[in-house]
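User: I'm new to reading protein models and would like to learn on a real one. Please walk me through it, one feature at a time.

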Amino acid sequence: MTSSLQICLPADTDNYCVMGNPISHSKSPQIHKIFAEQTDQNLFYQAILVDPDCFSEALSEFQRLGGKGLNITVPFKGDACNAVDHLTARAKKAAAVNTIWFDKKGESHGDTTDATGLVNDLRANDIQLQDKNILILGAGGAVRGVLSGLLEQGVQSITIANRTHSRAEELVTNYGSDERLSASEFTDLKSGFFDIIINGTSASLYGELLPIDDTLAMNTCCYDMVYADADTCFVKWARENGARIALDGLGMLVHQAAASFYIWRDVSPQTSSVIEIIRSKS
Ligand code: ATR
């Protein structure tokens, strides 16, 4: 296991990283390398494997060595939220941080760009959210991270269905007065009602299908927040059951990376070509 004390930053460049565990599968170094070349930015971005109990130590060490900014992935998004000095409003709402930077006083700031990543990828694929009825599958950290971003897009309704129903109810309760949100059992979902189905569970990571009716997919846009080199089982399920559009989460990953890059460098990289490059290398 890499300890934070083994972090090594090259000189004469601005250093960034993604910290997580596991991390070897991460496409973020590739994505940020392409962004940097594209926008002519002198920076180095590496993936750092951090011991489960060592996140705040690793963060401090990265800053001490002169690191400029970090992305945070599983399982440290909650730890990052607790470790930073300042949170943006959306990070506070999501109780998760995926982007950190340091100000001139050396204080750390945390934000989450996951919702921006999802919304921008949906938009890039001509999937409109305004006035739409959305079904979200799952009620874990990934869903919590994107919920307020989706609500801000003027959706008609969001139904959250989760294997453990009480977690879906809890998420809805946390949003208190927003009447557009409701929780449902998988078995109570009505076919023909939803325009967009977003899979925010981690089931695809294990190749598992959700116990939902096949007819739900018909004529919908289905989006799996998980990405994989081959079609995820949710994407396959959507295609086989008449979805109009079926997408995995690679675009969301690239768009959330672009939003982090903008926070750090004040430059917006071009995303569609990067999605194509990463897809072609899979
Ligand atoms: P993450 O940060 O990836 O969201 P998480 O907080 O552990 O991780 O949440 C995982 C989500 O995937 C949960 O909604 C989980 O359902 P439970 O709350 O019932 O555990 C869901 N999930 C994982 N595997 C699943 C499966 N095989 N079938 C249905 N839901 C699954």
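Analyst: The largest pocket here is lined by 49 residues, and Val74, Ala142, Ser202, Leu205 and Val226 lie nearest its centre. This is a predicted model, so local features need pLDDT of at least 70 and side-chain atom pairs pLDDT 80 or more, while totals for chains, interfaces and linings use all residues. Residues are numbered from 1 along each chain as its sequence is written, and side-chain values use heavy atoms, leaving out hydrogens and water.

User: How do I read a pocket, and what volume does the largest pocket have?

Analyst: Rolling a probe the size of a water molecule over the atoms shows where empty space is left. On a 1 Å grid over the protein atoms alone, a pocket is an open set of points where a 1.4 Å probe fits, with protein on both sides within 12 Å along at least five of seven lines; lining residues have an atom within 4 Å of a point. The volume is the space filled by probe spheres set on the points, which are joined across faces, edges and corners. For the largest pocket, that comes to about 1,400 Å³.

User: Which element gives the most to the lining of the largest pocket?

Analyst: Helix 6 does, with four residues. Strand 3, helix 3 (77–83), helix 6 and helix 9 (250–265) each supply at least two. These elements are DSSP runs numbered from the N terminus: helices are H or I with at least four residues, strands are E with at least two.

User: Now sheets. What order do the strands of the open sheet have?

Analyst: Two strands pair if DSSP finds at least two bridges between them. The open sheet has six strands in the order 2-1-3-5-6-4, with mixed pairing. Strand 2 (43–49) and strand 4 (86–87) are at the edges with a single partner strand each, so one side of each lacks a neighbour in the sheet. Helix 1 (residues 28–39) packs on the sheet, touching strands 1, 2 and 3, and its direction makes about 175 degrees with that of strand 2. Contact means heavy atoms within 4.5 Å, and angles, from 0 to 180 degrees, compare N-to-C directions of lines fitted to C-alpha atoms, for helices over the stretch in contact.

User: In which sense does strand 3 pair with strand 1, and in which with strand 5?

Analyst: Strand 1 (residues 14–20) and strand 3 (residues 69–72) pair in the parallel sense over four bridges, whereas strand 3 and strand 5 are antiparallel over three bridges. Follow Leu70: Cys17 stands opposite Leu70, and in strand 5 the bridge partner of Leu70 is Ile100. Gly69 and Asn71 point one way from strand 3, Leu70 and Ile72 the other, and all are buried. Buried means under 20% relative accessible area, exposed over 50% and partly exposed in between, using a 1.4 Å probe and protein chains only.

User: Which residues touch the most other members in the largest nonpolar core?

Analyst: A nonpolar core is a set of buried Ala, Val, Leu, Ile, Met, Phe, Trp, Tyr and Cys residues joined through side-chain atoms within 4.5 Å. In the largest one, of 29 residues, Leu150, Ile158 and Ile160 touch the most other members. Helix 6 brings the largest share of this core, five residues. Apart from it lies another core, of 21 residues, including Cys17, Leu70, Ala80 and Val84. Back to Ile158: setting aside neighbours within four places in sequence, its contacts include Ile134, Leu147, Leu150 and Arg180.

User: Is strand 10 covered on one face or both?

Analyst: Both: Ile196 and Ile198 on one side and Ile197 and Asn199 on the other are all buried. Strand 10 runs parallel to strand 7, joined by four bridges, and Ile134 has Ile196 as its bridge partner. Four bridges also join strand 10 to strand 11, again parallel, with Ile197 partnered by Cys222.

User: What about loops? Where is Ala203 found?

Analyst: Ala203 is in the loop between strand 10 and strand 11. Ala203 is buried, with a relative accessible area of 10%. Not counting residues up to four places away in sequence, Ala203 touches Glu208 and Leu210. The C-alpha atoms of Ala203 and Val226 are separated by 8.9 Å, though the two are 23 residues apart along the chain.
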